Amino acid sequence: MKLDIKPHIQQALKEGKAVVALESTIISHGMPYPQNKEMARKVESIIENEGAIPATIAILNGVIKVGLSEDELEMLATSDAIIKVSKRDFGYVLSQQKHGATTVSGTMIVAALAGIKVFATGGIGGVHRGAEHTFDVSRDLEELASQNVAVVCAGAKAILDLSKTLEFLETKGVEIIGYKTDVLPAFYTRKSEYPIDYRLDTPEAVADLMHAKWHNGIDGGIVVANPILENDSLDETLMNKAINAALEEAQAFTITGKELTPFLLKNVKEATKGKSLDANLALVYHNAYVAAQIALAYAKKTL
Ligand code: PSU
Ligand code: MN
């Protein structure tokens, strides 16, 4: 596969420096304009301020890009001709020279090809509620099973079935680390009712785990579950109400497949009068900050 990696990122990877991958579905399909564009720029600057190198990943005119220009970020934030790219969309988007925003699964594939080991996002996809009837399980979980990338996220949203998501991750052998937490964070809130077996409290400890796993030949992804900061977190009752209303709406309009996650995000935002978007922004920034520190610690170990 031919990747178009920005020269300074290519150089950093060659020298074993700290690079953090960023996804683009969150820009094109996860947030409205102009907050999406502001977010895309700010996550990059947070990573840079920590001394690591951000690499936002997308497909432009059928070329896989690792590292984007200002104009390219703007286009991803504004155009409605951007295809949401999970693994099954690559062939079409590349061969038809389309634009694509990569999901967690799409971004993990490209990050692994480029040799980027740490990836910051908001929340991972998972097993949707009612999956026993719909079979709707995000491709993200399969890619977490097979790609050697550590994904820093605020857990998974309560639009999903968290219990089934954890079971699926366990079956697939995905390591889940609670970063300064003993329970799975639920995206907008710091806690869910689901305990996580392993908790680590420093970037160095996470880097040690990555190194121990991969350098002993155990392949696969790692979820670093990093709770939203207390000050940014939302009220659980309010969120559950908004999420349940969004789920009912999705059913009423028979929204399925790749449209479902963006639909739910948009509805929850409207129901919370934008509060969910503010929280979403805050947790993405916090994840970028922690991911940069982990990437730096990992780079130090592998030099
Ligand atoms: N969760 C969020 N915001 C998002 C997504 C998930 O809070 O924008 C995006 C990510 O790109 C994730 C994708 O990989 O949705 C999952 O989509 P699906 O459920 O269709 O697999
Ligand atoms: Mn799906």
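This report describes the ligand site, the pockets and the cavities of a predicted model.

## Basis of the description

The model is predicted, with local features requiring pLDDT of at least 70 and side-chain atom pairs counted only at pLDDT 80 or more, while totals for chains, interfaces and linings use all residues. Residues are numbered from 1 along each chain as its sequence is written, chains are lettered from A and ligands numbered from 1 in the order in which they are written, and side-chain values use heavy atoms, with hydrogens and water left out.

## The site of ligand 1

Ligand 1 is surrounded by 15 residues, the closest being Glu23, Ser138, Asp140, Lys157 and Thr261, where a residue counts as near if one of its heavy atoms lies within 4 Å of the molecule. By class, this shell holds 4 nonpolar, 7 polar and 4 charged residues; Ala, Val, Leu, Ile, Met, Phe, Trp, Tyr, Cys and Pro count as nonpolar, Asp, Glu, Lys and Arg as charged, and the others, Gly among them, as polar. Helix H2 (25-28) and helix H12 (260-271) each supply at least two residues of the shell, helices being DSSP runs of H or I with at least four residues, numbered from the N terminus.

Oxygen atoms of ligand 1 take part in polar contacts, that is, pairs of N or O atoms within 3.5 Å. An oxygen atom of the ligand is 2.7 Å from a polar side-chain atom of Ser138, an oxygen atom is likewise 2.7 Å from an N or O atom in the side chain of Asp140, and a polar backbone atom of Val104 is 2.8 Å from an oxygen atom of the ligand. Taken alone, ligand 1 exposes 470 Å², of which the protein buries 92%, with accessible areas taken from the Shrake-Rupley method with a 1.4 Å probe.

Pockets and cavities are found on a 1 Å grid over the protein atoms alone: a cavity is a set of points where a 1.4 Å probe fits but cannot get out, a pocket is an open set with protein on both sides within 12 Å along at least five of seven lines, and lining residues have an atom within 4 Å of a point. The largest pocket contains about 680 Å³ of space, a volume being the space filled by probe spheres set on the points. Its lining has 36 residues, with Lys84, Gly125, Ser138, Asp140 and Thr261 nearest the centre, and H12 gives the largest share, 3 residues. This lining divides into 11 nonpolar, 16 polar and 9 charged residues.

The second largest pocket holds about 380 Å³ of space, and of the 16 residues that line it, Arg129, Thr134, Gln251, Ile255 and Leu260 are the closest to its centre. Helix H7 (131-134) and helix H11 (236-252) each supply at least two residues of this lining, H11 giving the most with 4 residues.

## Cavities

There are 2 cavities of 30 Å³ or more. The largest cavity has about 80 Å³ of space, and its lining includes Leu22, Glu23, Ile26 and Met39; H3 (35-49) gives the most to this lining, with 3 residues.

The second largest cavity has a volume of about 50 Å³, and its lining has 7 nonpolar, 2 polar and no charged residues. Helix H9 (residues 162-171) gives the most to this lining, with 3 residues.

Definitions and conventions. A polar contact is a pair of N or O atoms within 3.5 Å; within protein, one must be able to donate a hydrogen and the other to accept it, and residues adjacent in sequence count only if both atoms are side-chain atoms.
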